[in-house]
Amino acid sequence: MESTRAQTIETLLVSVNRLIRAAAQATGNPTSAAVWRTLGILETDQPLRLGELAALSRVAQPTMTRLVTGMLADGLVTRTVDPDDSRGQLIAITPAGHDRLVTWRATITETVGPVFADLDDDEWDVLHDAAAVIASRVGAHPTSTTSSPSPRGGLDAAPSSTSPSSGSPGAAPSSTSPSSTRSEIHA
């Protein structure tokens, strides 16, 4: 890979991670990033066996067991017997878990918004195009097309389209409105 292209990808990854980390810290929400990441995975790839979920969430299986136990207690996920193997269990997100994830995305988006508030239309177009390219490469897709009064930006999975303020921190707006397109990218 050409050096400048590799540097661009590295800069993108480092910047995105810093943006997400800073936004998450600024919210003051004590929920572990592993919980949000796990809910985001379950939102699109469910139900999953515990080992599969641990691998996708990048945690050890004992850690995932503890995470799932807490998420079960909070009503964020369900656990059922795997119909293909009665020794296994399948984990799925609940409607309450989905609602909490949507709320988290809206919160983190609002937190990140001011970082991008002074961008002009051309810069928003660049972010929109970049977000579309990234989303197409990681299997994400736009989930809503709504307008809201303030620009939104960042990097996380997209919320449902029922709330204009629940934009994805991974989304970049379209050229017609600073916040008209939201994309889904797992944290």
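User: Happy to look at this one together! How many helices and strands does the protein have?

Analyst: This is a predicted model, in which local features need pLDDT of at least 70, side-chain atom pairs count only at pLDDT 80 or more, and totals for chains, interfaces and linings use all residues. Residues are numbered from 1 along each chain as its sequence is written, and side-chain values use heavy atoms, with hydrogens and water left out. Helices (H or I, at least four residues) and strands (E, at least two) are DSSP runs numbered from the N terminus. From that end the elements run α-α-β-α-α-β-β-α-α-β-β, and the totals are six helices and five strands.

User: At what angle do helix α2 and helix α4 pack?

Analyst: Axes here are lines fitted to C-alpha atoms, for helices over the stretch in contact, and angles run from 0 to 180 degrees between N-to-C directions. The axes of α2 (residues 33-44) and α4 (residues 61-73) lie 11 Å apart. Angles under 35 degrees count as roughly parallel, over 145 as roughly antiparallel, 65 to 115 as roughly perpendicular and the rest as oblique. The two helices are therefore roughly perpendicular, and their angle is about 80°.

User: Which residues of α4 do A34, V35, T38 and L39 in α2 meet?

Analyst: Contact means heavy atoms within 4.5 Å. On the α2 side are A34, V35, T38 and L39, and their partners in α4 are M64, L67 and M71.

User: And by class, how many nonpolar, polar and charged residues does the contact of α2 with α4 have?

Analyst: Ala, Val, Leu, Ile, Met, Phe, Trp, Tyr, Cys and Pro count as nonpolar, Asp, Glu, Lys and Arg as charged, and the others, Gly among them, as polar. On that scheme, the contact has six nonpolar, one polar and no charged residues.

User: Good, now the rings. How many aromatic pairs does a search of the whole structure find, and is the pair of W36 and W104 stacked or tilted?

Analyst: Rings of Phe, Tyr and Trp (its six-membered ring) pair if their centres lie within 6.5 Å; planes under 30 degrees apart count as stacked, over 60 as edge-to-face and the rest as tilted. The search finds two pairs. W36 lies in α2 and W104 in helix α5 (residues 95-116), so this pair ties together parts 68 residues apart in sequence. With centres 4.9 Å apart and 0° between the planes, W36 and W104 are stacked.

User: Which ring pairs with F116, and are the two residues buried or exposed?

Analyst: The ring of F116 has its centre 6.3 Å from that of W124, with the planes at 50°, so this pair is tilted. Buried means under 20% relative accessible area, exposed over 50%, partly exposed in between (1.4 Å probe, protein chains only). F116 has 15% and W124 has 3%. The partner is W124, and F116 is buried, as is W124.

User: In β3, what is the bridge partner of L48?

Analyst: One of the bridges joins R49 to L90, and the partner of L48 is I91.

Note on methods: Pairing = 2+ DSSP bridges.
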